[in-house]
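Reader: I am new to this structure and would like to learn how to read it. Could you take me through it feature by feature?

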2 protein chains.
Amino acid sequence: MDKIGKYLFLAEPFHCDFSHRLFMSHLGNHMLNAADFHSTERGFGMTYLNPIHKTWVLSRLAVEMEEMPVQYTKFFVETWVEGAMKYFTNRNFRVVGEDGRVFGYGRSVWAMIDTDTRQPQDILAIHDGAIKGWIETGKECPIEKSSRVKMSADASIVRTIDTGYSDVDVNGHVNSVKYIEHVLDLFDIEWHRTHRLKRFEIAYVAESHGGDKLSFYREETAEGEFCVRIVKSPADASGDVEVCRSKVKFINI
Amino acid sequence: MDKIGKYLFLAEPFHCDFSHRLFMSHLGNHMLNAADFHSTERGFGMTYLNPIHKTWVLSRLAVEMEEMPVQYTKFFVETWVEGAMKYFTNRNFRVVGEDGRVFGYGRSVWAMIDTDTRQPQDILAIHDGAIKGWIETGKECPIEKSSRVKMSADASIVRTIDTGYSDVDVNGHVNSVKYIEHVLDLFDIEWHRTHRLKRFEIAYVAESHGGDKLSFYREETAEGEFCVRIVKSPADASGDVEVCRSKVKFINI
């Protein structure tokens, strides 16, 4: 089996925004699916891990696009493991059209945890470090790695939302893809009409649960570049905790 | 070509709720995709209509499920036209597993409008009433048609939300699928944990736009049966307008 997995997706009409191009949140979802398919086919996916009480947890995702696929476009998400250490693995993505045109790239960092204790697990202990046999170093991913999102104390709170049934995934946590939606909803439609999202970056710091209130702090750090901090206020009033940091870069259209 | 279209979908993990079963909103999306594929393959889909300044508009959707597919299940959405009149067409759905097990059914009503004037168009004028050649009356759809959702003046307002970038579809309107999410979010996770959604019904009355405020009025009309009215307050303060009515039926687990 090839080290690189390649999966076909369709830019479905209801997954496209007003500009007729795929939403970043749905592209993120396709990337997570591609990661899941790739790891399952190679013996280290959720279907192997869950019965032994382990799971993959997405720690960071960065996506940089030259162009978003237009509705009804078929495109491939390619994915491969770039590196694997004891507690983290790096997985890359390339989004490419049927005609070979490159739409963009992604980088992600994953941890493995025990589903009972929620503690980090040694990735290299799975099948005697078998993941190392799947590392692909020859394939280029010419976008910057995720950087630490630095925010000053001046960031102002721009929105607070209640999370509910539709926000929550099979683990009972607010779904990684929903955070992407919520961050991009901080920018109004007029902004999206005059700016194209060039790069989206998110680091997942802690888990939040359905029913938690999420507050969004935003700061403009360069022209068209914004940092966002998401803080949860749990329903049980156990105190505010930072759950995510995100950085988005827009360019003028 | 068969009158009945049959399309394969996967219950993707991020499209499943905390019970590991497909969200009704994503099933609704798959049904709309199936409708789109079916009509396009038969010459009366969006790709034919949009260049001649016409489009299909979903007017009603009712879905009734015996069971929702569990994550990673592959299933088919079958769809066919049950009837076509001048201003409305009825399209049915059957959701069936690869092993032939029936998960549930759907019924929908569609209108055709002119994309410039937004006025209803004569469906039977398209290709000399060609849609009539695709009517399938032999296939059973054993669920009730949508009923008029009757609500008293006593329905209380239970939530108000701001719509934004992620709510809006390629036409600039709040996406039919997002309304399903918003209605089901009126019920908290504890409710969903102890009740299974048996039937979901929605009637689209008027269009709403990104930036509109949506208010949700809810009334319990029988045990586990709720009617919901959605009213928009447009950003331009042009006055409140009813945009949707929905009826949901839950059964105790």
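This is a predicted model: local features need pLDDT of at least 70, side-chain atom pairs count only at pLDDT 80 or more; totals for chains, interfaces and linings use all residues.

Reader: Thanks! How many residues of chain B are in contact with chain A?

Author: Contact means heavy atoms within 4.5 Å. By that rule, 37 residues of chain B are in contact with 39 residues of chain A.

Reader: And what area do the two chains bury between them?

Author: The size of an interface is often given as the accessible area lost when the parts come together. Buried area is what two parts lose on being put together, summed over both, with a 1.4 Å probe. Here chain B and chain A bury about 3,500 Å², with 56% of it on carbon and sulfur atoms. On the chain B side, B:Phe14, B:Tyr165 and B:Val170 lose the most area to chain A, together 26% of what that side buries.

Reader: How many salt bridges are found across this interface?

Author: Side chains of opposite charge can pair when their charged atoms come close. The rule asks for a side-chain nitrogen of Lys or Arg within 4 Å of a carboxyl oxygen of Asp or Glu. It finds 2 salt bridges across the interface of chain B and chain A. A:Glu181 forms a salt bridge with B:Lys178, with the closest N and O atoms 2.8 Å apart. As for secondary structure, helices (H or I, at least four residues) and strands (E, at least two) are DSSP runs numbered from the N terminus. In chain B, α1 (24–41), β6 (156–162), α3 (176–184) and α4 (189–194) each supply at least two residues of the side that touches chain A.

Reader: Which residue of chain A forms a salt bridge with A:Glu181?

Author: That is A:Lys178, and the closest N and O atoms of this pair are 3.5 Å apart. Both residues lie in helix α3 of chain A, 3 residues apart, about one turn of the helix.

Reader: Is A:Glu181 buried or exposed?

Author: Buried means under 20% relative accessible area, exposed over 50%, and partly exposed in between (1.4 Å probe, protein chains only). A:Glu181 counts as buried because its relative accessibility is 9%, and A:Lys178 is buried too, at 8%. In chain B, 9 of the 9 residues of α3(B) are buried. At the start of α3(B), a side-chain oxygen of B:Asn175 reaches to within 2.8 Å of the backbone nitrogen of B:Val177.

Reader: What does a salt bridge between strands look like?

Author: Take B:Arg94 and B:Glu78, whose closest N and O atoms are 2.7 Å apart. B:Arg94 lies in strand β4 of chain B and B:Glu78 in strand β3, so the pair ties together parts that are 16 residues apart in sequence. Both B:Arg94 and B:Glu78 are buried.

Author: Another pair is B:Lys249 and B:Glu225, at 3.8 Å from N to O. It links strand β10 with strand β9 of chain B, the two residues being 24 residues apart. B:Lys249 is partly exposed, with a relative accessible area of 32%, whereas B:Glu225 is buried, at 14%.

Reader: What is the phi of B:His20?

Author: Most residues other than glycine have a negative phi. B:His20 has a positive value near 70 degrees, and its place is in the loop between β1 (5–10) and α1 of chain B. B:Arg118 also has a positive phi, about 65 degrees, and is found in the loop between β5 and β6 of chain B.

Reader: Last one: which residues form a nonpolar patch on the surface?

Author: Patches are made of residues with over 30% relative accessible area and no salt bridge; like charges are joined within 9 Å, nonpolar side chains (Val, Leu, Ile, Met, Phe, Trp, Tyr) within 5 Å. Accessible areas come from the Shrake-Rupley method with a 1.4 Å probe, and for residues only the protein chains shown count as cover. Here A:Met85, A:Tyr87 and A:Phe88 form such a patch, with about 290 Å² of accessible area together. A:Phe88 sits in the loop between β3 (74–84) and β4 (89–97) of chain A, and counts as partly exposed because its relative accessibility is 38%.

Key
Residues are numbered from 1 along each chain as its sequence is written. Chains are lettered from A and ligands numbered from 1 in the order in which they are written. Side-chain values use heavy atoms; hydrogens and water are left out. A polar contact is a pair of N or O atoms within 3.5 Å; within protein, one must be able to donate a hydrogen and the other to accept it, and residues adjacent in sequence count only if both atoms are side-chain atoms.
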